[in-house]
Structures are given as C-alpha cells and as structure tokens.
Amino acid sequence: ATQPPPESLDHIFNVILQTHFASQPYNHSVVQAVKKLVTAARILWQEIKAKLIPVPGKEHYIFTLRDLSRLALGLTRSDSDSVVTVMDLALLYENEARRVFVDRLDETDVDWVTKRYALGVEQALGTVISRGLLKEENLWAHFLQEEQEVEGDVILAPPKYKRAGCYQEVALRLATILERYNEYHPKKQMKLVLFDFAVRQLLQISRGLHTKSTSLMLIGSPGSGRRNLSRLAAFTAGHTFFEIPSTKYP
C-alpha cells in the first residue's frame with residue numbers, strides 16, 4: 001500500500017499528540033517540543049524501514065506504519081506530572097523508541113539505531129538535550145506507586161507511567177510487589193532473583209501488557225524465567241495470569 005506523504009504523516013501524528021498534551025497542564029515548552037519530535041520520529045522510522053530490511057536471519061525486520069503509531073502512542077502514556085521538562089519528554093521518547101524498535105533488533109544493529117535516534121533528538125531539541133540522554137538512566141514503569149490501604153485492605157495503586165530515579169528503585173519496588181504476590185498466592189510462591197537483566201525484561205513485558213491490541217512473544221531456553229516474569233508482570237498490572245496447559249499426544 002502507498003504510504004501517505006511525510007507532510008501528511010507529520011500532520012496526523014501532530015493532531016493526535018497535541019490532543020493528548022492539550023488535555024493536561026503540560027508546560028508550554030514541552031508542548032512545543034512535541035511538534036519537533038513528531039518529525040524526528042517519522043524520519044527515524046523511515047530510516048529504519050529503508051536500511052533494516054528482512055534478510056535471512058533477520059526475517060522479522062518488517063517495520064510498518066503501525067510501529068510509528070506505537071511510538072506516538074507511547075508518548076501519550078505520560079501525564080503532566082511525569083513529563084515536566086523537555087528533558088523528561090526526550091527521555092520518554094528514547095524509551096519508547098527502544099521498546100518499539102531496538103527490542104526487536106539483532107545486537108549488530110542496536111548501535112546504529114541508537115545513534116540515529118540520538119541524532120534526531122539533537123536536530124529537533126538541541127545538543128544539550130541529546131547529550132543528556134546518554135547520561136541519564138532511563139527506566140519507565142507503570143507500577144512505581146506505593147500500595148494504598150482501603151478499609152484495612154492493601155491494594156495496588158492505579159498504574160501511572162513514570163520514570164524511575166534509578167535501577168535500584170525499580171528493583172526495590174518489584175521486590176515489594178513480589179512479596180505481595182507471594183502473600184496472595186501461598187501455594188504458588190515465586191522465589192525470584194531480580195537482577196538487572198530480569199528487571200529490564202519485566203519492564204518490557206509490563207509495557208506490553210499496558211498497550212492495547214498488543215501481543216508479546218518471549219523467546220528463551222527452558223528455565224530462563226519467562227513464565228515467572230510474565231506472572232509477576234501480570235500481577236503488577238492487576239491482571240489474572242492464565243496458562244494454557246500443554247498436552248502431549250501419543
């Protein structure tokens with residue numbers, strides 16, 4: 001199918017994002033920066049689509065307009081409390097670009113894409129903001145709010161997409177949620193070691209669970225923790241974990 005011209009794409013996604021950012025009291029500088037990031041996101045998508053084509057060993061390198069839509073949708077996860085400055089917006093954009101594009105890439109292509117979106121941010125928002133992306137630890141999650149106590153019962157707080165101050169903050173929060181999970185499921189307790197890679201994988205799963213009309217494929221060897229991380233991510237999102245039992249035919 002023929003893609004709309006670049007000007008039309010910029011207009012479409014500008015309208016979508018401006019509608020969201022006008023619905024809350026964002027700072028004026030943030031609202032103005034969104035317009036520039038729309039063009040940067042569209043150029044990044046076009047560059048990735050043109051260079052990273054499906055070849056043997058990389059058959060999944062199929063980038064469509066839906067990926068650009070997912071990146072725009074990621075920006076609408078924010079609110080005026082989590083994105084206060086242009087730097088916050090740039091960090092959110094970087095996180096969403098990583099989740100939409102980088103998570104699907106072979107390691108040999110990650111560095112090129114990382115440089116491309118950093119260059120796009122520099123051209124759109126300036127060198128100071130672009131350099132700040134490389135200095136900041138950038139982890140976003142829906143489950144960083146503390147539990148709430150209602151009439152003596154402790155319940156998980158409503159999801160709120162925000163950036164964590166550091167990796168340790170996310171790990172400690174997940175450790176608390178894991179304790180809560182084990183209290184609720186005494187017969188299916190999980191004893192997880194929440195090391196760096198596991199936390200980052202759980203953040204990716206959690207983001208997928210909060211994205212409409214999205215499915216995830218977790219690839220790994222038996223015993224790598226895919227099931228337990230999915231179970232914990234579902235618990236953080238307030239979902240019920242359901243597993244289809246496998247059947248062996250003779």
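Reply: The largest cavity has a volume of about 80 Å³. On a 1 Å grid over the protein atoms alone, a cavity is a set of points where a 1.4 Å probe fits but cannot get out, whereas a pocket is an open set with protein on both sides within 12 Å along at least five of seven lines, and a lining residue of either has an atom within 4 Å of a point. Grid points are joined across faces, edges and corners, and the volume is the space filled by probe spheres set on the points. The model is a predicted one, so local features need pLDDT of at least 70 and side-chain atom pairs count only at pLDDT 80 or more, while totals for chains, interfaces and linings use all residues. Residues are numbered from 1 along each chain as its sequence is written, and side-chain values use heavy atoms, with hydrogens and water left out. With this rule, two cavities of 30 Å³ or more are counted.

The lining of the largest cavity consists of Leu9, Asp10, Phe13, Leu17, Leu37, Val38, Ala41, Arg42, Leu68, Leu71, Ala72 and Leu75. Helix H1 (6-22), H2 and H3 each supply at least two residues to this lining, where helices (H or I, at least four residues) and strands (E, at least two) are DSSP runs numbered from the N terminus. By class, 10 of the lining residues are nonpolar, none is polar and two are charged; here Ala, Val, Leu, Ile, Met, Phe, Trp, Tyr, Cys and Pro count as nonpolar, Asp, Glu, Lys and Arg as charged, and the others, Gly among them, as polar.

Two of these helices also pack against each other, and their contact can be followed residue by residue. Helix H2 (residues 28-51) and H3 pack at an angle of about 145°, and their axes are 10 Å apart; axes are lines fitted to C-alpha atoms, for helices over the stretch in contact, and angles run from 0 to 180 degrees between N-to-C directions. The crossing of H2 and H3 is right-handed, a crossing being left-handed if the near helix is turned anticlockwise from the far one by less than a right angle, and right-handed if clockwise. Contact means heavy atoms within 4.5 Å, and in this sense Ala41, Arg42 and Trp45 of H2 meet Leu65, Asp67, Leu68 and Leu71 of H3. The residues of that contact comprise five nonpolar, no polar and two charged ones.

H3 has a further partner, H4, with which it packs at an angle of about 145°, the axes lying 9 Å apart. The crossing of H3 and H4 is right-handed. On the H3 side the contact is made by Asp67, Arg70, Leu71, Gly74 and Leu75, and on the H4 side by Leu92, Tyr93, Glu96, Ala97 and Val100. These residues divide into six nonpolar, one polar and three charged.

The largest pocket has a volume of about 1700 Å³. It is lined by 47 residues, of which Asp103, Arg104, Gln201, Gln204 and Met217 are the closest to its centre. Helix H3 (65-75) is among the elements that give two or more residues to this lining, along with helix H4 (86-100), helix H6 (127-135), helix H8 (196-209) and helix H9 (226-236). H8 contributes the most to the lining of the largest pocket, with nine residues. By class, that lining has 20 nonpolar, 15 polar and 12 charged residues.

As for the whole, the protein chain contains nine helices and four strands, and along the sequence they follow the pattern α-α-α-α-α-α-β-β-β-β-α-α-α.
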